[in-house]
Amino acid sequence: MSWSRVISGIVAIALALLMLTLGGWYFTLGFGVIVYLGQLEYFQLVRAKGIEPAGKTTLVVSQALLVTAAIAPNLVDAIFALAGTLICFYLLFQPRISSIADIAASILGLFYGGYLPSYWIRLRVGLDGSSPLLTHVTTNLPQLRYFPPSWDLSYTLTEGLTASLLAFGCIWAADIGAYIFGKFLGRTRLSDISPKKTVEGAIFGILGSIGVAIAGAWFLQWPQFLWTGFALGIIIGIASLLGDLTESMMKRDAGVKDSGQLIPGHGGILDRADSYVFTAPLVYYFVTLVLPLFKT
């Protein structure tokens, strides 16, 4: 592992923790930048196949999805449908007649790059809509007061923050576990889509996610923490792996090794954020729909 990869990873984790801790509009704006850069890379991959998507329109409506997720989470699905309709209208009135591939790539860009990531904002910001931390951050945004008034755990560890931190921790454990154990112990190729991934690495990655989830569930005093932690860990471990393979499949089809060169030692935004895409809605619905069932 190169030093550039290690340093970039540490910086990325530090920035992620800062965004998560501040929450509110700070998380929304920071996440919006990540989504924007990730979609630019996605459209690069698409255009490498000779497809002409509605890139600019998709970028704009995706940002609208993220803002909606922060201020009115219940309206995100409605905005998603309207955004998809707007993209199709845009493609209808282009000088060049759009193909099915143009439409499909545009809608996938909206779904993959905008709608699914919006669940992170619903989780981190939406669940804390009435929290004192969010109120403080939102109210004081124009005054650029970047930190909450208190770092007391009972004040800052809100439901949205703890759920997001736990989910990110599971993804990091899955990625690191899969990389390290796959590199040194991996013998069986997992898929031709990504030749370097191994079955052994995937298994240890999922086990790492499960271990972190169980520890987090115990710390947060979730009901039946062994079962709820195990369930969340295996969901995140598998979803992060599928997200990684999906992005690898798109890169393979486009004939490129990395989605970009923005992050030294890692490649592009998509190369680092692919594990988070499919994970977001699963974590959100686990916390909001499944976890309450164990509390009854």
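Predicted model: local features only at pLDDT ≥ 70, side-chain atom pairs only at ≥ 80, totals over all residues.
The backbone nitrogen of Ile193 lies 3.1 Å from a polar atom of the Ser191 side chain. A polar contact here is a pair of N or O atoms within 3.5 Å; within protein, one must be able to donate a hydrogen and the other to accept it, and residues adjacent in sequence count only if both atoms are side-chain atoms. Ser191 itself belongs to strand β1, residues 189-191; helices (H or I, at least four residues) and strands (E, at least two) are DSSP runs, numbered from the N terminus. Ser191 is buried, since its relative accessible area is 18%; buried means under 20%, exposed over 50%, and partly exposed in between, with a 1.4 Å probe and protein chains only.

Residues are numbered from 1 along each chain as its sequence is written, and side-chain values use heavy atoms, with hydrogens and water left out.

Let me turn to the salt bridges. The structure holds seven of them, a salt bridge being a side-chain nitrogen of Lys or Arg within 4 Å of a carboxyl oxygen of Asp or Glu. One of these joins Lys49 to Asp253, at 3.3 Å from N to O. Lys49 sits in the loop between α2 (24-47) and α3 (55-71) and Asp253 in helix α11 (residues 225-254), so this pair ties together parts that are 204 residues apart in sequence. Lys49 is partly exposed at 42%, and Asp253 is partly exposed at 49%.

Another salt bridge connects Arg189 and Asp192, again with 3.3 Å from N to O. Arg189 is partly exposed, with a relative accessible area of 48%, whereas Asp192 is exposed, at 54%.

What is the distance between the closest N and O atoms of Lys251 and Asp271? In this salt bridge they are 2.8 Å apart. Lys251 is in helix α11 and Asp271 in helix α12 (residues 269-277), so to speak distant parts of the chain, 20 residues apart. Both Lys251 and Asp271 are buried. Salt bridges that share partners join Glu247, Lys251 and Asp271 into one network.

Next, the aromatic rings. Rings of Phe, Tyr and Trp (its six-membered ring) pair if their centres lie within 6.5 Å; planes under 30 degrees apart count as stacked, over 60 as edge-to-face and the rest as tilted. The count by this rule is 17 aromatic pairs. Why is the pair of Phe27 and Phe31 stacked? The ring centres are 5.4 Å apart and the planes stand at 20 degrees, so the pair is stacked. Phe27 and Phe31 both lie in helix α2, four residues apart, about one turn of the helix, and both are buried. Tyr115 and Tyr119, by contrast, form an edge-to-face pair, with 5.6 Å centre to centre and 85 degrees between the planes. Tyr115 and Tyr119 are both buried. Ring pairs link Phe80, Phe111, Tyr115, Tyr119, Tyr284 and Tyr285 into a cluster.

Finally, the UniProt record. The unreviewed entry places the feature "transmembrane region" at several spans, including residues 12-37 and 75-93; such annotations may be inferred rather than shown by experiment, positions are given in the numbering used here and feature names are shortened. In the model, residues 12-37 are 96% helix and 0% strand, with end C-alpha atoms 15 Å apart. Residues 75-93 are 89% helix and 0% strand, and their end C-alpha atoms lie 28 Å apart.
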